[in-house]
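I opened this model to look up its sheet, its helix packing and a few loop residues. The entries below follow the order in which I went through them.

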Amino acid sequence: PHRRRQRKPQLGMLVLIDGGQHDWLETRGPWLCLHAAIDDATGKILGLYFLEQEQTIGYFHVLQQVLLNHGIPNSIYTDRHSIFFSPKRAKLTIEQELSGEQIALTQFGQALSLLGITHIPAHSPQAKGRIERLWATLQSRLPVELRLAGISTIDEANRFLPDFIQRFNDRFAVKPADPTSAFKPAPPISEFTHILAFKSTRLTSKGSTISY
């Protein structure tokens, strides 16, 4: 019932993002969630980051890796987890309506909006099959590599990932149909703290104070 979707023709046209909870350290440490981003056209891993649980900040770290190493992609494809899409998307506050917002955005959604990235929701696991297949590959290879490297903490594991990404891509990435990259230049790194950040709106009282 599910036909395999053709890859996008250009690097950076579509980036798939997801998180995978697994015993990555093989009982030498806690179970961890690996946050990941891959390119649809090439299968390249664009970013990886470990945290103990799936969290927005983990995806911010992955998105920062994508921006620093490649640039701004045209679109990002995710599941409909509340990290990515607000369960109150259709319910805007008066302040949000006055500010011109069309739908309620999560913190991650706000960052994508500021970067001009189209956010596409997947409606089934099969729809994001490319990154689902990546988990099978990583779960068979990455724990072994972490064990051989003597890694047993989350900090050590995150420091190990850049070299692993490079070796993985050298071996498994494929060439895109169109060699022209669709990535756009990323903003200066000094702007990242204003984009990949948690933001809240509050109203000041008559006494010039806010509640938070």
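I take helices (H or I, at least four residues) and strands (E, at least two) as DSSP runs, numbered from the N terminus. I count two strands as paired if DSSP finds at least two bridges between them.

**Ground rules.** I am working with a predicted model, in which local features need pLDDT of at least 70 and side-chain atom pairs count only at pLDDT 80 or more, while totals for chains, interfaces and linings use all residues. Residues are numbered from 1 along each chain as its sequence is written, and side-chain values use heavy atoms, with hydrogens and water left out.

**Overall inventory.** I found six helices and five strands in the protein chain. Read from the N terminus, the order of elements is β-β-β-α-β-α-α-β-α-α-α. I then looked at contacts (heavy atoms within 4.5 Å). Of the contacts in the protein chain with a separation of 6 or more, 68% are between residues 24 or more positions apart. For burial I used relative accessible area: buried is under 20%, exposed over 50%, partly exposed in between (1.4 Å probe, protein chains only). Buried residues account for 42% of the 212 residues in the protein chain.

**The sheet.** In what order do the five strands of the open sheet lie? I read β3-β2-β1-β4-β5, with mixed pairing. The edges are taken by β3 and β5 (118-121), each with a single partner strand, so one side of each has no neighbour in the sheet. For angles, axes are lines fitted to C-alpha atoms, for helices over the stretch in contact, and values run from 0 to 180 degrees between N-to-C directions. From one strand to the next the twist averages 20°.

**Strand β2.** I looked at β2 (residues 32-39) next, and eight of its eight residues are buried. One side carries Leu-32, Leu-34, Ala-36 and Ile-38, the other Cys-33, His-35, Ala-37 and Asp-39, and both faces are covered. β2 pairs with β1 (residues 14-22) in the antiparallel sense over eight bridges, and Gln-21 stands opposite Cys-33. β2 also runs antiparallel to β3 (residues 45-51), joined to it by six bridges; here Ala-37 stands opposite Gly-47. I noted that β2 and β3 form a hairpin with five residues between them, and that Gly-43 in the turn has a positive phi of about 75°.

Which residues here have a positive phi without being glycine? I found Glu-26, with phi near 50°, and Thr-27, with phi of about 70°. Glu-26 is partly exposed at 25% relative accessibility, whereas Thr-27 is exposed at 69%.

**Helix α1.** I see α1 lying across β1, β2, β3 and β4 (75-78), at about 150° to β3. α1 (residues 56-69) also packs against α3 (residues 107-115) at an angle of about 20°, with the axes 10 Å apart. That makes α1 roughly parallel to α3; I use under 35 degrees for roughly parallel, over 145 for roughly antiparallel, 65 to 115 for roughly perpendicular, and oblique for the rest. From α1 the contact uses Thr-56, Tyr-59, Phe-60, Leu-63 and Leu-67, and from α3 Gln-107, Phe-108, Ala-111, Leu-112 and Leu-115. By class I count Ala, Val, Leu, Ile, Met, Phe, Trp, Tyr, Cys and Pro as nonpolar, Asp, Glu, Lys and Arg as charged, and the others, Gly among them, as polar. This contact of α1 with α3 has eight nonpolar, two polar and no charged residues.

**Helices α4 and α5.** The axes of α4 (residues 129-148) and α5 (residues 154-172) come within 12 Å and cross at roughly 125°. That makes α4 oblique to α5. The contact includes Leu-134, Leu-138 and Arg-141 of α4 and Phe-160, Phe-164 and Arg-167 of α5. Its residues divide into ten nonpolar, one polar and four charged.

**Pro-179.** I placed Pro-179 in the loop between α5 and α6 (192-195). Is Pro-179 buried or exposed? Its relative accessible area is 74%, so I log Pro-179 as exposed. The C-alpha atoms of Pro-179 and Gln-10 are separated by 6.6 Å, though the two residues are 169 residues apart along the chain.
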